[in-house]
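Dear colleague,

I am passing on a structure that is new to you, and I would be glad if you looked through it before reading my notes below.

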Amino acid sequence: MTNKAKTQQSNTLESPLVFARDEHNVSRNELSENALKVLYRLNKGGYDAYLVGGGVRDILLGEHPKDFDIVTNATPEQIKKLFRNCRLIGRRFRLAHIVFGRDIIEVATFRGHHDEQSSDNQKQSKQSAHGMLLRDNIYGTIDEDAERRDFTINALYYNIADFKVYDFANGVADIKNRVIRLIGDAETRYREDPVRMLRAIRFATKLDMQIEPSTREPIKRLAPLMAHIPPARMFEEYMKLFLGGKAEQNFDMLAEYQLLEYFFPHIASDMKADDNSASVQFVRKVLRNTDLRINQGKRVTPAFLLAAMLWHRIESQLNTLTEQQQMPFQDAFFTAMNEVMAEQQRCIAIPKRFQLPMKDIWFLQHKLPHREAKKAFKTLEHPRFRAGYDFLLIRSEVEQGDLVELANWWTHFQHASADTKQQMLKSFKPTRSRRRRSPRKRKKVAE
Ligand code: ATP
Ligand code: MG
């Protein structure tokens, strides 16, 4: 297919709509100092330099973007020559990172089309048997670059040379009408990169927009393509979907479009069986809590929500191991944690730095019921006591029963004076029988 035919097939425009400076609100005041530095340096170096993607889109929507993506006709090597603080990264998608301490500005080179069969292109681009792009490093012109972008609202370019916004796919109109619309044929674009299905959902919830019918229609049907996405990329998407303040909405939409099972297969199947099951109720509460904290500007650890997603799976594994295989409680608990973690890594690759806190949170659930003096103080001093306690609190809201008393006890104990603490520990003694209800004790009693 020639490029011309391709242009006609996709919904990009023959020539872009151009919005002059007085016709849009993208002001340099909205850009970070570092983003401006990079744009100017590229421009002075004789290259084209545009702000593109989320930066332009969000400013047009009246939001303040947190990161700025820049695109240029300079190749990564040419970019590297212009900036001392430049690192070239990526295999699938080669990019330049301009590093200013902790702030990194991402600079990409215009992407071109993949259909030319020259041997040089074959080296730079690669497709899997499922039509997925494994490598995307063919450089092109700005209009080709626009066609390779995902959604119309993301194909807007702010030119630092003339301060105009170039709109290649009617993105400004879609922003106005609050529509998420893929550029080109939706099925082809999802096959090239199934993550675009997740991005459609994320932008719909983040920007409070509707997914246009032909962009929405193929999602359920093509959802199984998600199985080919490497777990490391799934983790990145997990972070964006669940730690951006719209976790609950994203969770519901992922479930609706049958995409949730590629992140959390057990919760997805619990949900299909009973949307109101204890595991789903618990996860929902944690999602709500996470969104609330993020929207209040409080810190959240990705480990907490991950621990919640897997908690009921741990419990059911634990039951199987203690009841059916007669494994001692302690061994069963560690085995269950390790098995569930390993199983989860096949979907999303959770980095070690989050795996450890997750295990601590789970481990503390097993420690918190033990309130003999020494053990209680040890638990209180655990570096992740706070997360473990918060987790227990939410569990108690769903599970009720004994957990409510346990959660209340810890609520008082942690803030009590030394005297009150001693009293609480003493008055706890008569309720020792509660401990016998734990599977471990039950087994000992049976012996
Ligand atoms: P945000 O940063 O708020 O998540 P964004 O649109 O900037 O939104 P990025 O992931 O930073 O998203 O990507 C920057 C731009 O790169 C996008 O706006 C889009 O134009 C393009 N892009 C990113 N991922 C893809 C993809 N999978 N397929 C096609 N284009 C993409
Ligand atoms: Mg971005």
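Predicted model: local features only at pLDDT ≥ 70, side-chain atom pairs only at ≥ 80, totals over all residues.

Residues are numbered from 1 along each chain as its sequence is written, chains are lettered from A and ligands numbered from 1 in the order in which they are written, and side-chain values use heavy atoms, with hydrogens and water left out.

Around ligand 1 there are 18 residues, the closest being Arg-57, Asp-193, Arg-196, Arg-202 and Lys-206 (a residue counts if one of its heavy atoms lies within 4 Å). This shell divides into 1 nonpolar, 3 polar and 14 charged residues, where Asp, Glu, Lys and Arg count as charged, Ala, Val, Leu, Ile, Met, Phe, Trp, Tyr, Cys and Pro as nonpolar, and the others, Gly among them, as polar. Among the polar contacts (pairs of N or O atoms within 3.5 Å), a side-chain N or O atom of Arg-199 is 2.9 Å from an oxygen atom of ligand 1, and a backbone N or O atom of Gly-54 lies 3.1 Å from an oxygen atom of ligand 1. Of the 580 Å² of accessible area that ligand 1 has on its own, the protein covers 83% (Shrake-Rupley method, 1.4 Å probe). Helix H9 gives the most to this shell, with 5 residues (helices are DSSP runs of H or I, at least four residues, numbered from the N terminus).

Elsewhere, helix H17 (residues 329-345) packs against helix H18 (residues 352-367) at about 145 degrees, with axes 11 Å apart (axes are lines fitted to C-alpha atoms over the stretch in contact, and angles run from 0 to 180 degrees between N-to-C directions). The residues of that contact (heavy atoms within 4.5 Å) divide into 8 nonpolar, 5 polar and 1 charged.

With best wishes

Key
Helix = DSSP H or I, 4+ residues; strand = E, 2+ residues; numbered from the N terminus. Polar contact = N/O pair within 3.5 Å; in protein donor to acceptor, adjacent residues only side chain to side chain.
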